[in-house]
Amino acid sequence: MVPNKDLITAINSYEDNVSDHMDSDAAQTRADLIDYYLGERYGNERDGYSKIVTREVYQTVENIKADVAELFIADDETVRFEPEGPEDVEGAQQATDYVRYVFYRQNDGFGVILDSLMDGLLQRQGVIKRWRSMEDVVTSHTFEEISETAFAILMADPEVEITEYEESFDELTQMNVYAGKMLRTKVDSETKVEVIPPEEFAIDSDAVTVEEAKYVRQRSMKSKSDLISMGFDTKKIEKASPSSGYNEYDSPEKIARNFDGDNYDDENENITKMYDLHEVYMRYDRDEDDYDELIKVCKIGNVILNVEEVDEIPFVVWTPIRIPHRLTGLCPADAAAPLQKVKSTLWRNQLDNQYNLNNGRPVIVEGQVDLDSVMSSKPGAPYIVKHPNAISFPQQPSFGQHTYNMMGIADQMLEQNVGSTDNSISPDILHGNTAAGAVSQVLSKRQARVRLIAREFGEFLRKVFMGIYELEIAHAQDASIFRLDNKFVEVDPRNWHARKDVTVLVGLGNGSKTEQLFHMQQTMAAQQAMLGAGGMGITVTPQQIVQLQEDMVRLYDKSAHGRYFTEPPAEFTGQPEPQPPSAQEQALMAQVEIERAKLELDRQELALKEQQFMLKVREHEDENEFKLAELNLEARSERAVKIGN
């Protein structure tokens, strides 16, 4: 087994080659982009001149954020697990409902989506960490007059600590009984999802994906109580120095975000000692078997708190504008920042020019003008002169039209380079549910770029939800009960199987609720047309009709599930079941059968008489033919002839 000092050496070697280190150009660039977003000054301002700062980065980021966020936070139905077969429909729906519950109820799913989206659009990468949190929950209880056997069971329970007890003799049962107090410690396990600030996250610079990275690190400031609650040994914590040469407040991004507060100083740091905790995931041959294992190392400075082998790296990263063979690409703010500085400069020049036009610099004859009156630039204030020609104003050129033309060109460049200005898009455009007149909008470069960013973010969320699903399977110890649509549902992740087919629904509902309702009404009209053509149970089932009505109700009230409609059983087809005939109906049917039998006999008798009649007719026809033949023969032979009997 490799000693800890070799682990520290390996970690330090990796740290020298990580991307986006706090002292790197990337960290300073992210801090500069935050300053641009907040409209901070550039540092080249001069006293007496315009200091205006335009907000193109803010405008770009907020417009794209609004366009993309609307697709994912219209409701909490962002994810759906697809069934792998007809028998898996119920299991896939159960997994979908429970993962949504974990993401949106157990965690702040709304904030996670917005914060990670914002980090990506403004700081090139958004990072989400999902892990299984294990916390000890201690509850106190009292017990009275329990038997000796029950007391022995409590004493043997590893989760129970008897803090005090009394033993007494029960005259009725002739046995010893016990009363006292106890503490029960139970491990509370649940999946956590958190957005990691970019300055806390680092990865080896050669990594293209997180899954294949050799080194990933999260760096955060923790107090001693935080470290103890995380399960680390108190003795190891005390060996570590609270001052490791790194302060999270020193990162450029952290300072840039603190736009309306004071800088942190040493006095604030002494209130609570903070420790620089490194949570490192690295591929390292720790057991010296010539194969690298994925290990997790938690350390403070050169003191290692914990080392364990893990199955995966719990981080998911997204970048808005991908660059091949790089983990972190670019963001819309990168393209907007230079244009913001250009427009700010143009505005400053224009305002300075306008000020000079309104308050021109005069040429005065020395000794012929009162300087105090000249220095006062109040409208209508007189100039005191000794001679009419003692003061004059040279003509100032106006840059207005040229400046406006340049700013117009800058706006066009912003729209071409970034893909979104004030021309926001609707979710149904991204989905392709457009009218013929909107086809040109769909095909525009601006909309295509925003749509691509939305797809990138959707793929990022798909990995997050898949990670939550796998964590629930790996760590579930028993069935859980959660509340869904005003009813309690039992779910047991232990019965789930490894699933790979998960879909992130981009803008579920195709637009606003009004648009969704319109499409549902069209579907309902199609169902009614099929029912009118006799399609009940063939093209439309009663279950599908009720499901559509439930979806229409849930569109405006998610808690109304099952309040207005009851789902019919699977065997119900919508056709009325045949009812047994009554006694009167049975007698009538019997009489009808008798009459039908009589009619059948009459028909048969009539048919027989018809046959007899036809036989007689045939006999007469034969007799006439014989007589005619005799007459013809007698005529030819001139004698009497007899044919037949």
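1. What is the mean pLDDT of the protein, and what percentage of its residues reach 70 or more? The mean is 81, and 83% of the residues reach 70 or more; pLDDT is the predictor's confidence in each residue, from 0 to 100. This is a predicted model, in which local features need pLDDT of at least 70 and side-chain atom pairs count only at pLDDT 80 or more, while totals for chains, interfaces and linings use all residues. Residues are numbered from 1 along each chain as its sequence is written, and side-chain values use heavy atoms, with hydrogens and water left out.

2. Confidence by element. The pLDDT is below 50 over residues 429-443, a stretch with 23 contacts in the model beyond near neighbours in sequence; contact means heavy atoms within 4.5 Å. Residues 506-510 also have pLDDT below 50, with 17 contacts beyond near neighbours in sequence. Where pLDDT is low, the predicted coordinates should not be read in detail.

3. Overall content. The protein has 19 helices and 16 strands; these are DSSP runs numbered from the N terminus, helices being H or I of at least four residues and strands E of at least two. Of the 645 residues, 37% are buried, where buried means under 20% relative accessible area, exposed over 50%, and partly exposed in between (1.4 Å probe, protein chains only). Among contacts with a separation of 6 or more, 69% are between residues 24 or more positions apart. The accessible surface is about 39100 Å², and 51% of this belongs to carbon and sulfur atoms; areas come from the Shrake-Rupley method with a 1.4 Å probe, and for residues only the protein chains shown count as cover.

4. Strand β3 (residues 126-147). This strand pairs with β5 (residues 175-196) in the antiparallel sense over 19 bridges, with T142 opposite K181 in β5. Strands β3 and β11 are also antiparallel and are joined by 4 bridges; V316 in β11 is the bridge partner of I128. Two strands pair if DSSP finds at least two bridges between them.

5. Residue V127. Leaving aside neighbours within four places in sequence, V127 is in contact with E194, V195, I196, F201, F315, V316 and V317. Its C-alpha atom is separated by 9.4 Å from that of L117, 10 residues apart along the chain.

6. Strand β8 (residues 274-284). Of its 11 residues, 9 are buried. Strand β7 (residues 215-223) runs antiparallel to β8 and is joined to it by 9 bridges. Strand β9 (residues 293-300) pairs with β8 over 8 bridges, again in the antiparallel sense. L277 in β8 is the bridge partner of S220, and I300 in β9 is the bridge partner of L277.

7. A surface patch. I321, I323 and L330 make a nonpolar patch of about 200 Å². Patches are made of residues with over 30% relative accessible area and no salt bridge, with like charges joined within 9 Å and nonpolar side chains (Val, Leu, Ile, Met, Phe, Trp, Tyr) within 5 Å; a salt bridge is a side-chain nitrogen of Lys or Arg within 4 Å of a carboxyl oxygen of Asp or Glu. I323 is in the loop between β11 (315-318) and α11 (332-358). With a relative accessible area of 30%, I323 is partly exposed.
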